[in-house]
Amino acid sequence: MKFFMGTVIRTIITISSVILLFLVIYFSSGHLFWLSLLLSLVGGFLINRLVKWQMLRGFLKAQQLTRKDYQYIRKNLKEADEKIRRLQKTFLSVRSISTFKLFYDMNKVIRKIQALVKKEPKRFYQAESFYFYHLDSMTELAEKYALLQSQPVKNKEMAVQIRETEETLKQLGRETEKDLYHMLSTDMDALDYELAYAKHTIERKSPSRHERSAKK
């Protein structure tokens, strides 16, 4: 949402700048239309880049990240998007309600982690185990599961492999939930602190039982 609003604001500033520059150049250059249009467009482009750079700089400062860190995180997020797309394709092979629920729950947690990191890139370092281990394993196992399930004929060994893959996916699903809880742990700690502080403030401002009795 922040990136969308940033794009909207940048677009408005750019268009306003182009119009203003065109009018200034047009009337100061003796009504040279094409020259005014060209220079105003160039000026608008430069202003757009400058505003974008300033917004990114402010964002990185708020996130306590360097530009190099941000580029590294964006690269990993892009790779994760591709793995998530591969994972979602395996939904087509699901034939049981229990397995579909497993895949649905996994996908919900994965997308929540991805959305959190896209919104606040500094959270990436709280979810490194997810991005470098759990997501890779989950994607590969889900594709293996889809391949086994798609076979028209299954022997006893394949049936065992399918059950083992399902169990391993369940374990990975639980680990992924732990990754999400770990990411949110700082938020929960902060909320606990705020609640304790709010309760303490209310208790201090509320009259004691002795004071209430004295007033009566």
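Residues are classed as buried when their relative accessible area is under 20%, as exposed when it is over 50%, and as partly exposed in between, with a 1.4 Å probe and protein chains only as cover. By this criterion, buried residues make up 31% of the 216 residues in the chain. The structure is a predicted model, in which local features need pLDDT of at least 70 and side-chain atom pairs count only at pLDDT 80 or more, whereas totals for chains, interfaces and linings use all residues. Residues are numbered from 1 along each chain as its sequence is written, and side-chain values use heavy atoms, with hydrogens and water left out.

The chain contains seven helices and zero strands, where helices (H or I, at least four residues) and strands (E, at least two) are DSSP runs numbered from the N terminus. Read along the sequence, the order is accordingly α-α-α-α-α-α-α. Contact is defined as heavy atoms within 4.5 Å. Of the contacts in the chain with a separation of 6 or more, 66% are accounted for by residues 24 or more positions apart.

Two of the helices were examined for their length. The expected span of a helix is 1.5 Å times one less than its number of residues. Helix α3 (residues 67–89) has 23 residues and reaches 34 Å from its first C-alpha to its last, close to the expected 33 Å. Helix α4 also has 23 residues, and its end C-alpha atoms lie 33 Å apart, in agreement with the 33 Å that it should span. The buried residues of α3 are Y70, I73, N76, L77, A80, K83, I84 and L87. In α4, the buried residues are T99, L102, F103, M106, N107, V109, I110, I113, Q114, L116 and V117.

Packing between helices was considered next. Two packed helices are described by the angle between their axes and the distance between the axes. Axes are lines fitted to C-alpha atoms, for helices over the stretch in contact, and angles run from 0 to 180 degrees between N-to-C directions. Angles under 35 degrees count as roughly parallel, those over 145 as roughly antiparallel, those from 65 to 115 as roughly perpendicular, and the rest as oblique. A crossing is left-handed if the near helix is turned anticlockwise from the far one by less than a right angle, and right-handed if clockwise.

Helix α4 (residues 97–119) packs against helix α5 (residues 128–149) at an angle of about 150°, with the axes 13 Å apart. The two helices α4 and α5 are therefore roughly antiparallel, and their crossing is left-handed. At this contact, T99, F103, M106, I110, I113, Q114 and V117 of α4 meet F130, Y131, L135, M138, A142 and Y145 of α5.

Helix α5 also packs with α3, at an angle of about 20° and with the axes 9 Å apart. Helices α3 and α5 are therefore roughly parallel to each other, and the crossing of α3 and α5 is left-handed. Here Y72, N76, L77, A80, K83, I84, R86 and L87 in α3 meet Y131, F132, L135, D136, M138, T139, A142 and E143 in α5.

K83, in helix α3, counts as buried at 18% relative accessibility. Beyond residues up to four places away in sequence, K83 touches Y131, L135, D136 and T139. T139, located in helix α5, is likewise buried, at 1% relative accessibility. With neighbours within four places in sequence set aside, T139 is in contact with K83, R86 and L87.

Further residues were examined elsewhere in the chain. Q64 lies in the loop between α2 (33–63) and α3 and is exposed, with a relative accessible area of 68%. The phi of Q64 is near 60°, a positive value in a residue other than glycine. I47, in helix α2, counts as partly exposed at 27% relative accessibility. Apart from residues up to four places away in sequence, I47 touches I13, S17 and L21. I47 and T14 are 33 residues apart in sequence, and their C-alpha atoms are 6.5 Å apart. Q171, in helix α6 (residues 156–205), is partly exposed, with a relative accessible area of 43%. Between Q171 and H134, the separation is 37 residues in sequence and 10.0 Å in space, C-alpha to C-alpha.
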